[in-house]
Amino acid sequence: MSKTERSSRAESTQLPIHQHGEKLVGAVKGSQFLVVTGETGSGKTTQLPQFLYRAGLCRDGKIGVTQPRRVAAITVAQRVCQEMGVRLGVEVGYQVRFDDCTSKDTLIKYVTDGCMLREILADPNLTQYSVVILDEVHERSLNTDVLLGLLKKTSGGSRGRTVPLKVVVMSATLQTDKLSAFLGHCPVFTIPGRTYPVKELFCGRIGPKEMDSSVYVKEVVKVALDVHTNEASGDILVFLTGQNEIEKACDLLFEKAESIDYRYDVHDRTVEGLLVLPLYGSMPTDQQKQIFQPAPEGVRKCVVATNIAATSLTIDGIKYIVDSGFVKQLNHNSRVGLDILEVVPISKSEAQQRAGRAGRTSAGKCFRIYSKEFWENCMPEYTTPEIQRTSLTSVVLTLKCLGVHDVIRFPYLDRPEERFLLTALKQLYQYDAIDRKGNVTRLGKLMVEFPLPPGLTRALLQSAALGCEELMLPVAAMLSVENIFIRPGHPEKQKEAEIIHKELAASAGSSNDFLILLCIFEKCKASENPSSWCKDHWIHWRAVKSAFSVETQLREILFHLKRQKEFPQETFEGSSSELLRHCLCIGYFTNVARRSMGKAFCTMDGHGSTVHVHPSSSLFGQEAQLDWIIFHDVLVTSRVYVRTVCPIRYDWVKDLLPKLHEIDVYELSSVAREEVTDEEMAQWVKKTTAKRQTGPGEDVSR
Ligand code: CDP
Ligand code: MG
């Protein structure tokens, strides 16, 4: 056993949960459902699965632990391997979208909630598992909420199982009574643990009117530096919103910390240096590991993180919190009728959770950069569950494929508004995934197999029907990874990058952002040394590399489906650029806009919103020559911008546009209310298909 293994095992036995191991195992054995709660960092995620493993609960199947965030699934699996002294991917493994690190011998499996939903599609009774632990339930992610309803619903039947599945629901100390009541008043096990007082201070640098990210990034940097120069030893954890803001803050911190004159300015001489570390979802995992290592002597660690550090990951040694008061959140925007990732103030309960991270092992301090007025007027009491604020299209399709016909009366912990369910049904109808009676169509059953947003899946399936998937597979893969274009901070370098990106766009032959992605994918793949090709072209090699792997996986799914199922076939006359655009139209006709005045476009989905082409698009500046466009996503700042844009012909969407208005949602909703018998449900379940390895959309930037 290595030194790190020994030390991490020794550390883990100090955790409060260890005194309660036996009782906890007994509680799991004694009840089909169990709610486990305890302060964050008490050892729920890393220790409970090990207790159950040692108590022999793996004899009848695996232990599955779901996580809303992919980074948490990966890092926690790594940690547990280290503690158990086993190899990652063998006894202990993880599975996240497009990355399966498990084997047939895996007994403890950390998996994203999206992947677990996919497993239920393939095997509704989860016959491979003896215990499923739904972790981080208080986060109320869309997929975890749906899993909760499904596991509650299917627990009665144990078809294909010898012993009933045990379900453990873990949550920070929030809403545990509600969870227990939802699961038939099941027992609640509370892990006693102590926390130390955290002094909460309002710095008043952000008032109710300041929402601009350039403001709060600068302010958190100032406060963090104040903490570094004025406070006694102890590490700092800064909460920010996303990758861009975090990288900006880290650059600023690094620059400023270098220029501090330590002889005069620093109050506590034992912490002269500052080690600045970013932490966000799409970071490479080896860099993430660094976060958990203690800083060298005389150095203070300052981690700048997204909300991921609020509950999913616990970093030891944190004594100071700097809270920006904001979070990046996916919200349904009724103004444009689309889901948009936006920066919003956190809730008061979230702010308390963030502050609590400073008081795990000793008393701490939390510096809130905002004012008391901001706290009172801008921050809601609680965070709205994701199921009540985002698009339900993928989830409703999954439920329908699982035989849950009545999606309106499905057991939700918190019911989404009916209009959101109706919108999801309407979209599925528009994509031909369900029929007028609300039944899943043949196409819908193909669509559910892809871990992509429904529109993109629809475009991909159209390309397969036309035999031109070689065009769409790389595009779908490139749209599924983080941003591939490097935009350097330095103005001169930025210019250089812009010129090279423009040249790349020109070499694609026509102004179409999707085609440019395809072109970059192909050029990089064909080059002798792809990583240096990326470097020369200011492209993120890591992102393109993941796109290569995603493309292979999508290709495999398509290949299997083509062999297993009857596949539609169609014809289309045109060049390959036209073919690609036609396929995109089939998937994105809900995102069609027509130029109205000057550079403005008007969407056609009934919202009639005014949108503009984003400056990052290759079509920016050419608006006057355009008439109809489709777009992949939307960014809302002072204006509504569309990104990844493609010009199209009206002819290609002419027959599709009426679909945006033709269906009466109440017709769909009345059928959605029809009861189905258990028999019918079982039939649906039987019909759903082979095992898939991947999960639905996951936001990697969180
Ligand atoms: O799930 P809960 O918040 O109750 O705690 P946990 O995630 O199991 O964390 C227990 C301990 O393991 C904490 O002290 C963490 O710092 C440590 N840990 C770690 O060092 N590295 C990880 N990748 C995960 C946890
Ligand atoms: Mg946990």
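## Overview

How many helices and strands are there in the protein? There are 27 helices and 21 strands, where helices (H or I, at least four residues) and strands (E, at least two) are DSSP runs, numbered from the N terminus. This is a predicted model, in which local features need pLDDT of at least 70 and side-chain atom pairs count only at pLDDT 80 or more, while totals for chains, interfaces and linings use all residues. Residues are numbered from 1 along each chain as its sequence is written, and chains are lettered from A and ligands numbered from 1 in the order in which they are written.

Of the 702 residues, 48% count as buried. A buried residue has 20 or more other C-beta atoms within 10 Å of its own, an exposed one has 12 or fewer, and a partly exposed one lies in between, with C-beta atoms placed from the backbone. Among contacts with a separation of 6 or more, 75% come from residues 24 or more positions apart; two residues are in contact if their C-beta atoms, placed from the backbone, lie within 7 Å.

## Helices α3 and α4

Let's start with a helix pair. The axes of α3 (residues 44-54) and α4 (residues 70-84) come within 10 Å and cross at roughly 50 degrees. That makes α3 oblique to α4, given that angles under 35 degrees count as roughly parallel, over 145 as roughly antiparallel, 65 to 115 as roughly perpendicular and the rest as oblique. Axes here are lines fitted to C-alpha atoms, for helices over the stretch in contact, and angles run from 0 to 180 degrees between N-to-C directions. On the α3 side, T45, T46, P49 and Q50 meet V76, R79, V80, E83 and M84 of α4. The residues of this contact divide into four nonpolar, three polar and two charged; Ala, Val, Leu, Ile, Met, Phe, Trp, Tyr, Cys and Pro count as nonpolar, Asp, Glu, Lys and Arg as charged, and the others, Gly among them, as polar.

Helix α4 is largely enclosed by the rest of the structure, because 12 of its 15 residues are buried. The buried residues include R70, I74 and C81. After α4 comes G85, with a positive phi near 65 degrees.

## Helix α17

The 12 residues of α17 (residues 454-465) should span 16 Å at 1.5 Å a residue, and the end C-alpha atoms are 16 Å apart, which agrees. The expected span is 1.5 Å times one less than the number of residues.

Since 11 of the 12 residues of α17 are buried, this helix is largely enclosed by the rest of the structure. Its buried residues pack against α14 (393-401), α15, α16, α18 (469-479), α22 (541-564) and α23 (576-588). G467 follows α17 and has a positive phi, near 75 degrees.

## The loop between α15 and α16

D432 sits in the loop between α15 (418-430) and α16 (442-447). This residue has a positive phi of about 65 degrees although it is not a glycine, and with 17 C-beta neighbours inside 10 Å it counts as partly exposed.

V440 is found in the loop between α15 and α16, and counts as buried with 23 C-beta neighbours inside 10 Å. Not counting residues up to four places away in sequence, V440 touches K400, C401, A433, I434 and K445.

## A positive phi in a strand

Most residues other than glycine have a negative phi. T644, in strand β21 (residues 640-648), has a positive phi of about 50 degrees although it is not a glycine. With 24 C-beta neighbours inside 10 Å, T644 counts as buried.
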